[in-house]
Amino acid sequence: MGIIFNEKEKLFKLDTPNTSYVIGIVGSDGFLGHAYYGKKLSDLQGVKDLMRIYEAPFTPDTNARDRLSFLDCFPTEYSGHGVGDYRESSIRVKTAAGHSAVQPYYVSHEIYKGKRKLEGLPATFGAEDAVETLAITCMDPALNLQMVLEYSVFADTDAIARSVKVTNLDENALYLEKVMSGCLDMDNRDFDLITLHGSWARERHMQRLPLGCGKHSVGSLRGESGHQEHPFMAVLEHTATQTRGDVYGFHFVYSGNFQAMAEVNQFNQVRVLMGIQPEDFCWKLEKGESFQAPEMIMTYSANGIGGMSRSFHELYRNHLIRSPYKNKKRPILINNWEATYFDFNEEKLLDIAKEASQMGIEMLVMDDGWFGNRCDDNRALGDWEVNEDKLKGGLKKLVDGVNALGMEFGIWFEPEMISPESKLYEEHPDWAIAIPGRTPGLARNQFVLDISRKEVRDCIVEKICKVLHSANIKYVKWDMNRPLSDIGSACLPADRQGELYHRFVLGMYEMQERMLSEFPDLLLENCSGGGARFDPGMLYYSPQIWCSDDTDAIERLAIQESTSMIYPLSSMGAHVSVCPNHTVGRNTPFETRGYVALAGTFGYELDVTKLSEEDKAMVPRQVAMYHQFNDLVREGDYYRIASYQENHLYDCFQVVSKDKKESLVFFVQVLGEPNMHSRNIRLQGLDENAEYALWDVTVEPGKELLQETEVSVKGDTLMYAGMQVQRMWGDFKAKLFYFKKK
Ligand code: GLA
């Protein structure tokens, strides 16, 4: 890791363990250009030429008559607006006089150890010896607008975190209408684009397409990152695979409206941009005021998609997740949502807990329906007081009862919401986000609270903390079950209504921060109608996020594959549920459901008292399996071997311990194929020279979890020649292979 400034060449070189990123200052005006991002370079000779500045007539100092031609092809670090770069801009304003143009010019820079916090926002962090930062100050002198671009590099990870802070140094107020967090210009190298798309119960399915001319974007206008598109993009060589080829990954550390775009222009140059969605965004900057844009992560891998995944995993595990649980085995929980929905009382919950505790399950999570008059999803959001008709004797009694069984207790909240039928709404109808004169749209019969207002945040946080103080509660599931609409705040002036979407996100972050500082040992799991707010921003607050309301093991293969392409397995909330599955009606073997959930946080979401004897007997075996393998799954390196999303037949992935002494291979045969007797899979990440013994894993009651086999194979054989997986009889069959260095 290191950042240098070459004074003579006016080049900055930012190094991570295996990559270099080069920025240049060009011309007497001080244009800030992008020269290179890729495999680590040993020095800077010749690198300046990559910015095309010696190509006549595109040299601004010597050819002012063609300044527009220069700007329209110059690979820039942060694109301006309205002065000649006709590609997508990074920043746009509205001045008092009605003008929108901006152009950043280099002024000064600072290189410092460590990384500063981004006020009010989640962001990566690191100690002074683990991270180094370059802050480049740019100005638009015509506007008196300052833009500070920050880049941080990490000693242990091939990732660069960047962000932008904009300050109005003028006498007059100015409106910021667009501010991207990062821009990257490169020449197109026959690139493909990977983006993630989905819906409720079908989150983050992967799309890979050749990157053609024009603009390609994903985004959200829902006030959250959303089920539909993900704040992520990968630009990769068309021939890149899991193990080979150049891959650039971009991810946005933010949980609200976003836009990510890749544009291919007339000269076959690619521009990638990522930031807050400019639509419906307008932030007023009075004299001296600043706006801090959220952080964007960039990673480059010369070793295919797998290399990108492992860089993101390392970065998030070491420099983004703060929770004291991040390196710990989480308690195996059982959640009552799919078991009871709203139909429960303390007796039912204690029945579930009693049975579950005997099977080794460690925590009961009481989901939606425990508060106010919440007998269904039509009412009571905001009334965060325990419903004692349902839970006789109150919450403490229930929690004590669960604790007496040797289990911990967790609880569900949906703090950002308000039901029209609630005491809170009766008292504060203006607390709902709405536009005067327009009936606000309902979703799941609820409105969104205007948490841009401090008094609203104070009231809700106080209510939550009161509940959490009232009993021994170790876990919170923080849900958010509808998108924002009808954007209007009763408190913001007309020219600040365009700030509401972002102020909402800042408000939510502040609420989580306050709850966590009051309960620092709380295990927080974020959730949003399943995985609609599964993003790096939320990971800063909670070490795990509920991945999807779809608990079907086969659908989960796709969801979890794309999620784990970016996020560590330890962050994916995954539970075993009953069949026929409540979302798709599919029947899958209980073992398979367990193996798929093992690849995430692992837990249960069913009524254990109603399980068949056969399945019941398997639960303690699955519990043992979790204890055996969770350290490896949580902390190991992740390798994708085969994708069910691509081949529609089988799925295979692997985790390898950091010391390469252990590895666990997950294989799911989604469809049985006729006359197909075995399948060759090539493992990855092992020690070439070591010999590995193979252990079969079984959750069959009465048998040892690990079954010794005769097989003992060298790492190079397993990786380069592979191993044969025998066909299993039927669909949805799964198998785990455990390898241990001899
Ligand atoms: C959302 C969550 C579910 C459950 C319900 C409760 O859909 O994703 O897990 O908590 O809300 O209403």
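## Thr340 and helix α3

Thr340 lies in helix α3, which spans residues 337-340. The model described here is a predicted one. Thr340 has a relative accessibility of 8%, and because buried means under 20%, Thr340 counts as buried.

Neighbours within four places in sequence are set aside in listing the contacts of Thr340. On that basis, Thr340 is in contact with Lys348 and Ile352.

Helix α5 covers residues 394-404. Its buried residues are Gly394, Leu395, Leu398, Val399 and Val402.

These buried residues of α5 pack against several other elements. Two of the partners are helices, α4 (346-358) and α7 (454-470). The others are the strands β22 (363-366) and β23 (408-413). Just after α5 comes Gly406, where phi is positive, at about 90°.

## Cysteines

The count of disulfides in the model is zero. The rule asks for a pair of cysteine sulfur atoms within 2.5 Å. For Cys282, the closest cysteine sulfur is that of Cys491, at 19 Å, so the two are too far apart for a bond.

Cys547 is likewise in no disulfide. Its nearest cysteine sulfur belongs to Cys527 and is 11 Å away. Cys547 counts as buried because its relative accessibility is 0%.

Notes. Residues are numbered from 1 along each chain as its sequence is written. This is a predicted model: local features need pLDDT of at least 70, side-chain atom pairs count only at pLDDT 80 or more; totals for chains, interfaces and linings use all residues. Side-chain values use heavy atoms; hydrogens and water are left out. Helices (H or I, at least four residues) and strands (E, at least two) are DSSP runs, numbered from the N terminus. Buried means under 20% relative accessible area, exposed over 50%, partly exposed in between (1.4 Å probe, protein chains only). Contact means heavy atoms within 4.5 Å.
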